[in-house]
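Hi,

Here is the structure I promised to pass on.

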Amino acid sequence: MNRSSLLLAAWTLAPLTLVACGGSGGTAGSGGSATTSSSSAGGGAALTPEMQMAKLCADTTAPFCQALFACCTVNPDSLKAEGGTEAGCEAKVGDECKGQLTDTILPHLKAGDTALDQTRLAACVARLESMKGGGAACTRPADFVYLLDCFAALHGKLPAGATCDDTNLGDTSFIICDKGECTNGKCVPFLALGAPCQNPDMAAGGCDYIDGEFCQITAGVGKCAPMGKVGDQVCDPDTDPGFSCESTDCDASLQCVATTPDRLCKLL
C-alpha cells in the first residue's frame, strides 16, 4: 500500500485510530477562502490552492523521513516500505504527496472548502525537525505526527450544518468541515471538551481527535477528555491502549508510558 492509500485508509479509521496521535499542533486558524488566490490561515502570504498543496508536500516530506529514520532504530527493516533509506523515503513520500494526495485534496482547496493553516503546518514541521536527533526527542512515532498533525493543517471552512461532500475523503472530512466532520451530507461539529460521549470501542466518539481529545470511559460513562500524559491512568483494557495517550503507548497497568523503541517504528 502506498502512502497515499495508507493515509486515506488510516483516516477512514480515524475515529478509532487517529485519536492516538492528536495534537500538540494547536487549534487550526480561521484562514481565508481558498479560491484562485487565497490567504492561508496563520497570517501567511496569499497562496493559490496549487501553492498551498505544494507547500504542504514540500515542507513535510524531508522532515518526516528524517524523523522516521532517526527514531526507528530497533527494526529498520520495517522501513523498507518507506523507501529503505532516508533519501528513498523522501523520493517515495514526496511523489505520493504530489500525486494521489494532491489529486484528492486539491479540488477541495479550489472549492474553498479548506485552506492551509501555515501556523499549524509550521508547528508540525518543527515537531518533526525536533525529532531528527533521535533518542529522547522521539516522543511519538513520526508516522503519527505526519499523518495527523501535518495534514490537520488543512483547516475546514464549511460551518456546522453546511452541506458537504465527503466523496473520496472518508473520515478525512475534518479537512472540509470547521471543527467537525461531514456526516450524512452535513457538517457536524465535534463535541465539546467534557461533553458526554458514547465510545465502547475507545473510538473518538464524536470528540475532537484532531486536537488530541478522546472519549474517556470511566465506570461505563464516557466524556470527552484530553489524551493522557505519561503517568496518567486512562487506558482501556479492551482496545489498543495507545489510543488514549499522547505517547500512543501504555503499560500493563493501563498507565500512559513513554513511547517504546518498537512503537517508534510503527507505521499507520
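Let me start with the salt bridges: Arg120, Lys179, Asp208 and Asp211 are linked in a network of them. I counted a salt bridge where a side-chain nitrogen of Lys or Arg is within 4 Å of a carboxyl oxygen of Asp or Glu.

Before the details, a word on how to read this. It is a predicted model, so local features need pLDDT of at least 70 and side-chain atom pairs count only at pLDDT 80 or more, while totals for chains, interfaces and linings use all residues. Residues are numbered from 1 along each chain as its sequence is written, and side-chain values use heavy atoms, with hydrogens and water left out.

The side chains of arginine 120 and aspartate 211 meet at 3.1 Å, N to O. That pair links distant parts of the chain, with arginine 120 in helix 5 and aspartate 211 in the loop between strand 7 and strand 8, 91 residues apart. (Helices are DSSP runs of H or I with at least four residues, strands are E runs with at least two, and both are numbered from the N terminus.) Arginine 120 and aspartate 211 are both buried; the cut-offs are under 20% relative accessible area for buried, over 50% for exposed and partly exposed in between, with a 1.4 Å probe and protein chains only.

Aspartate 211 also forms a salt bridge with lysine 179, at 2.9 Å, N to O. Lysine 179 sits in the loop between strand 4 (154-156) and strand 5 (180-183), so this pair ties together parts that are 32 residues apart in sequence. Aspartate 211 has a relative accessible area of 16%, whereas lysine 179 is partly exposed at 36%.

A search of the whole structure finds eight salt bridges. Another of them joins lysine 92 and glutamate 96, again at 2.9 Å, N to O. Here both residues lie in helix 4, four residues apart, or about one turn of the helix. Lysine 92 is partly exposed at 23% relative accessibility, and glutamate 96 is buried at 10%.

Now the inside. The largest nonpolar core has 50 residues, and the members touching the most others are Met53, Phe64, Ile105, Leu128, Phe151, Leu154 and Ile176. A nonpolar core here is a set of buried Ala, Val, Leu, Ile, Met, Phe, Trp, Tyr and Cys residues joined through side-chain atoms within 4.5 Å. Two or more residues each come from helix 3 (49-71), helix 4 (86-111), helix 5 (118-130) and helix 6 (142-150), and helix 3 gives the most, with nine. Apart from this core lies another, of eight residues, including Phe214, Val234, Cys235 and Cys256.

And which helix is largely enclosed by the rest of the structure? That is helix 6, because nine of its nine residues are buried. Among them are Asp143 and Asp149.

There is also an open sheet of three strands in the order 7-9-8, with antiparallel pairing. Strand 7 (196-197) and strand 8 (213-218) are at the edges with a single partner strand each, so one side of each has no neighbour in the sheet. Strand 8 pairs with strand 9 (residues 221-226) over six bridges; strands count as paired if DSSP finds at least two bridges between them.

Overall, the chain has six helices and nine strands, and 52% of its 268 residues count as buried.

Cheers
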